[in-house]
Amino acid sequence: MNKKKIFFILILLVLIISIIFIFFNKKTAKVFKIGNNMTSQQIVEYILNISSYEANIEVEIETNKNSNKYIINQKYASPNLNSQEIIEPSNIKGVKIIRNGDNLKVENSNLSLATLFENYNYISDNCLDLSSFIEDYKNQDSSEYIEEENQIIMKTQNPNNKYRMYKSLYIDKQTHNPTKLEIKDNNQKTMVYILYNEVKINSVDKDNILAFELYNLVSNV
């Protein structure tokens, strides 16, 4: 084979490789573009199909007596494993409530469990979990979403619970992450207000939540 033929073959190979590279590069760019330009319906479906998340949240809870504020680190892994670790206030800092289906465990608490659940009943309730909202949204016929310029508001109602009848989850259209959750009673009074400071979706492993084996809580708390 003479030098001209070898040179021609090399040129042909370079052209073929260049065409292949350009093709796959354009295909990858197209997929990335689609992923960052989801429709509102796609964003809603994305939220409804979350398999895990970790979030740092600020919570304000209204009761008949007063208003309480908390900073909480939440973790969730499908189908029913979640934990809440209290960062603030300082008097219950470090309290971690872990729920695995019907099993419930409280870790590192200097308070008696009776005191904890009597004075901080919302903290032990899963109404603060994003997964709880998702289940309500899926199961209630009244669920709907509305669009605004930069956000989507997912709404659902539970007529059987007058204290938490209305729930609204706000989603950022650009990041696709929740920004806040409002829970209102039958009189449209805000009972729970959650601000999502940081959210990581589909990034939590069950082992990251369970550092030890869960056991059933004593029934007569």
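## A walk from pocket to core

Start by selecting helix α5 (residues 130-139), which gives the second largest pocket the largest share of its lining, six residues. Helices here are DSSP runs of H or I with at least four residues, strands are E runs of at least two, and both are numbered from the N terminus. A pocket is an open set of points on a 1 Å grid over the protein atoms alone, where a 1.4 Å probe fits, with protein on both sides within 12 Å along at least five of seven lines; lining residues have an atom within 4 Å of a point.

Before going on: this is a predicted model, where local features need pLDDT of at least 70 and side-chain atom pairs count only at pLDDT 80 or more, while totals for chains, interfaces and linings use all residues. Numbering runs from 1 along each chain as its sequence is written, and side-chain values use heavy atoms, without hydrogens and water.

Now show the 17 lining residues; Tyr 76, Pro 79, Ser 131, Ser 132 and Glu 135 sit nearest the pocket's centre. Click on Pro 79, in the loop between β2 (67-77) and β3 (81-88): a cis peptide bond joins it to Ser 78, with omega about 5 degrees.

Next, hop to Pro 89, in the loop between β3 and β4 (96-100). Another cis peptide bond is here, to Glu 88, with omega about 10 degrees.

Last stop: Val 59. Which residues does it touch, leaving out those up to four places away in sequence? Select Asn 68, Lys 69, Tyr 70, Ile 72, Leu 128, Val 192, Tyr 193 and Ile 194; contact means heavy atoms within 4.5 Å.
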